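Dear colleague,

My notes on it follow.

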Amino acid sequence: MSISSLTFERDPREDVLVARLKGDIDTSSASTMRDQVVRAAHNQLLGIVLDISAVDYIDSTGVRLLVDLGRQLGERAQQLRLVIEPTSPTFRLLQIVGIGAAAPICQTVDEAVAEVRQAAA
Amino acid sequence: MPDRLLAEPLHPTSSTRRLLPIGNTLPTEEWARRHRVLCRLLISQTVMITIVGLAVGRSVVHIGASAVVLAAVAAFALWSKSSRRLRMTAITLGLLSCSAQLVDALGGVPEAHFHFFVMVAALSLYEDWVPFTLAIAYVAMHYWLLGTFLPDLLWDASNHQTHPAAWAALHAGFIALAALAQVSAWRLNEDLRERNRDLLGRVARDEVLYRSLVRNLPDTTVLILDRDLRFRLVDGALVASGRLQPERLVRERGPVIHDLLSGLPGGADLMRSVRQALEGQITSLEVNDWEEASSSVFEVLVVPLRDTGTADVIGVLLRVVNITVKRRLEGRVRHERAFLEAVLESLNDGVMACDAEGNITLRNRTMRDWNTHETLVSVLNTEDYENATHLHHPDGRRMTADEVPLVRGMSGETVVGQEVLLRGEGLADRIIISNALPLHDHDGNQIGAVATAHDITERRRLEEQLRAERSFLSAVLEQLHDGVIACDQDGNTTVYNRALRELDGSDTPIIDAHGVHKPGMLLTPDGQPLSRENHPLSRAFNGEVVRDQEIIHVRHQRVTLQNGVPLTDSQGSRIGAMVTVHDITEQRRAEIAERQRAAEEAAREAAETQAQRIEQILEVTDVALKHSSVEAMARGFLHRLRDTLRAPFTGVLLDAAPGERSRLYRLGEAGELREDAVAITSTDTPETVMARVVAGSVASHLILPLHLGEDSIGAVCIGDTDGAREFSVHDRHLLTLAAHRIALGVSQAQTQERQRQAAANLQRSMLPSALVDEPGVTVAARYLPAEAAELVGGDWYDAIPLGDGRVGVVMGDVVGSGLQAAALMGRTLATLRAYAVQSDSPAEVICRMNATMFRLERGEMTTVAYVIVDPIRMVLCGASAAHPAPLLRRGSRVIACQARPSLPLGSAPNLCVEEWEQALEPGDLLVLYTDGLVEHRGQQIEDGVAALSRALVESPAAPEEVCDTILQQLLHGDRSDDVSLLALALAPLHAPTLELRVPAEPESGARVRSALRQWLPAMGATESESAEITVAVGEALLNAVEHAYGLETHDVLVQGHADAGQVQITIRDFGRWRAPRGKERGQGTANMRALMDRVVRRRTENGTIVELRRALSCQPAAGEEKEGR
């Protein structure tokens, strides 16, 4: 486990892509991550669930990235859901910046997947 | 009673009176018994009279009065304390009155008068004259008076009444006759009693005698039993001690001896003996005491007692004697006898004894060992004796019987110190000294003889040996070349040998302990006559040890050295004195000759010395050439110059390159090298400068220039401080020779010095001047070049930031030295840096370096130790190739970090390098070093590492100080190799202030975050507080990176301060504000404000300062450490 590296795990489940992020999301890693996620989101997907519970750090650049990602997926009629537990250190920051408007927050991956499918239907 | 029994016989001896009884002789008890019978008789008669009176109808008054009177009389007789006769009189009168009243009551019938006779017979029981005479008188008076005046009362017949006197007389006469008959019986009774009394008296006397006899017998008790085996007499020791109580045993129906013996130990035996005694046998037996606590032993003799007349057994006598003491004494005698025999057996002296008949009673072990008197039974049997012994006179004659010591002792002679030779077949001859004496008992009767013998064979042999040695010694003394004289403790001369006699020219000592016999024959070295007190023998005799006293013997003109010692025996007591005399006359003469020869030799040697010095000079300067530094060389040859040319002052002046000051080396008084800088002007030559320098301090000097080819490079000088020395042409020649060599040496040393400097400079320039300073990590390093020029170079080290707060530290040593090694080391360092940033695995970095080196630097090798320090994860990871293991100090422990050893880099195409990992703890200190630090001449590397470990434990915390401490403690004297040392400390981020200076670029964010993630929890921030403050700082840093600078890169300073539950962090850049670039940013400042309590931004001339503040929910907990991610 490296301190500031961002790791990207794909967890394909049929029609929803679940990606797990770890480490820090800052200026140097944000755009790389966004490109990877966008690339993985092929057209057949109903949406993407980003599990950011294991993210230690996310600054405004990172927030911006999540907002952009939500917007880009939205343009393709795909959903974006974030999974984060309320106890996570970054939860408050995401609340402050009102991330919910761009990417709704769920507490578990299953809940998020369900929401994605519901919204698509 | 016995007293009375033993009194004189009662009856008078006159014949007329012998027929009559004495009267009143009854024993008191017997009399009292009879008196009581008569008293009862009186009472019964009184009752009878009363009844008869009442029956015949007498007046009651008369009868009552009579009864009262008679009862009073009986009471008086019965209880009165008056005399026997008075009481007898009362009874007599009472009884006779009863008779009288009876006669009266019955009216004087004749038969009533018989009552008087009955009473008289009864009164005879008293065996006394008084009742009889009184009865006769009473009857006579009664019958006469009543017959005369009241005959009716007395008689019923008339004839009696007519002659009362005659009837009275008749009655009294009968009474007298009755009395007479009683008296006869009474007299016979008395005789019988007297005989019994005699018999009893004799028996009592015998008993008293016997008892006193028994009581005087020691420890003896006598018991006498009758045939019924009842005790008749018990007396003696056991009675006196209270063990037997005669009063309980000797009784009429007392205990039978069976009763006492049954159940006692030995009781059955004793009973058997008693029964045998009844059959007439005498037996004796021993019994133990019947009381268990006592250990007494009794001897019991059981004897039948026989009637002296009939010889019938009438009883048994038991004589009990306590023989305990006797038995004990017998035991002790036996014991002592055994002891005595053991002593005699153990003696080394022979002992032999015989009894009065001459029979051998004792022959102890030694005597038996000597095998003499073997078959001898009696010493008096002389014939037997001569065959049985091996005794001879010392001259070998066989001893006759009467010469033998024991026989002489038997004949009453006391023999002392008779010498006897024991010689027999199969026996070694033995010489013994024998003593003998007769033995007598208390009465002076001879009861035997005893002889003792002491073996003196060995003593004789030693005496013989001593005599032989003494004669040998005196023969040796006679033959000695040195004179010897000795005296005993009395001062008498005992040795005066031939050599000394010849020296003295005399047959008697000239001087001995008693005095001087021939004055003037001995002189002291100054020609004075030698007094007795000063003579060595006298001095030694008085206890002095004399060493080499010189004495002149006049007779033959000889000189001697004399040594004297007091003589002592092995116990240290003085037994005399001895002096040895050594003739040194010839030696003296030889010494004089030798002195002359030595003077000649000295002159010759002086001539040869100069030539030798040249050799020494050459040798000196050759040694000097081997020194590498100018100072070391100067010290070497100045010392040798001083010693070889015997010059107190030596100095050398070395001319320097233009613009530098020349140096003057000279030796101080203690031999230390002094170095002075000297200015040389263009007009000066080194010689003139030298002359000027030494002018003040030396009186005479010799100065020569140092030439190297055509160039003058300096001057050399020798001088003498007190001016006594004049330097000769020869000295100049020598110094010239030396100067030439010195010039060569100096030149070579200077060249080497320059090479060393160059290599060291190159080395230094290649090594990093400033090491990384990651948050939480402090690094310090030292490099010390070797002192020898050819050994400089090769050590390399570095500390490389690897991102994410990690630091790679490396230490290596290139095989080889000098400029080439320094250059190689530079390339190696660059290679390492290149690979280090590419890989997280130290082993991989080393393997890659090896591949590069093996291919590109053929034949070159280097050792290396590479460690990656990760202060965030708190872990060390490293690998080494042929390099000393890095040491990790943790508290007072030192851990050597190493895996399996490997070959050095460049030695093989593929290296097998193993990686090790070590968890870190706050406050840990890592040290890397090269072997120059621990490898010293004459010391094991292990000892050096141990010393390093000790120094490490004692070092302070800061790496800079650690380096200084370790170098100071481990390096002494010359460094033969480069020494490098790198120390890395994990700074605990507990300080309330934090300061980070990072480049203004996006990548710096990670470093700042990792520092904050350690520092904030340590200041008491919760996990979410820490995360939020970190985001706020990240936003501020991002602002600084984006707004402050243009293309040029500068630093951003992040300073944190925690106090009273509040954290303040300042982010400061040093650029000018410009409009933000990019569109993605706008949220940053808003985030800061949302996450922090207070955000202040100030723009100054020099840049922008952002102050962030936030209160923490809880106070910092000391020592709390949270690992960041």
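What share of the contacts in chain A with a separation of 6 or more comes from residues 24 or more positions apart? The share is 68%, where contact means heavy atoms within 4.5 Å.

Before the remaining findings, two remarks on conventions. This is a predicted model, in which local features need pLDDT of at least 70 and side-chain atom pairs count only at pLDDT 80 or more, whereas totals for chains, interfaces and linings use all residues. Residues are numbered from 1 along each chain as its sequence is written, chains are lettered from A and ligands numbered from 1 in the order in which they are written, and side-chain values use heavy atoms, with hydrogens and water left out.

Chain A

Four helices and five strands make up the secondary structure of chain A, in the order β-β-α-β-α-β-α-β-α from the N terminus. Helices (H or I, at least four residues) and strands (E, at least two) are DSSP runs, numbered from the N terminus. Chain A has 121 residues, 50% of which count as buried; buried means under 20% relative accessible area, exposed over 50%, and partly exposed in between (1.4 Å probe, protein chains only).

A network of salt bridges links Arg34(A), Asp35(A), Arg64(A), Asp68(A), Arg71(A) and Glu75(A). A salt bridge here is a side-chain nitrogen of Lys or Arg within 4 Å of a carboxyl oxygen of Asp or Glu.

The interface between chain A and chain B

In this interface, 22 residues of chain A are in contact with 27 residues of chain B. The two chains bury about 2100 Å² between them, 56% of it on carbon and sulfur atoms; this is the accessible area (1.4 Å probe) that two parts lose on being put together, summed over both.

Four salt bridges are counted between chain A and chain B. On the chain A side, the elements giving two or more residues are helix H1 (27-40), strand S3 (47-58), helix H2 (60-75) and helix H3 (91-96). H2(A) provides the largest share, four residues.

One salt bridge joins Glu1028(B) to Arg92(A) at 2.5 Å, N to O. Another joins Arg1009(B) to Asp24(A) at 2.6 Å, N to O. This second pair crosses from helix H30 (residues 1004-1018) of chain B to strand S2 (residues 16-25) of chain A. Both partners count as buried: Arg1009(B) has 3% relative accessibility, and Asp24(A) has 0%.

Yours sincerely
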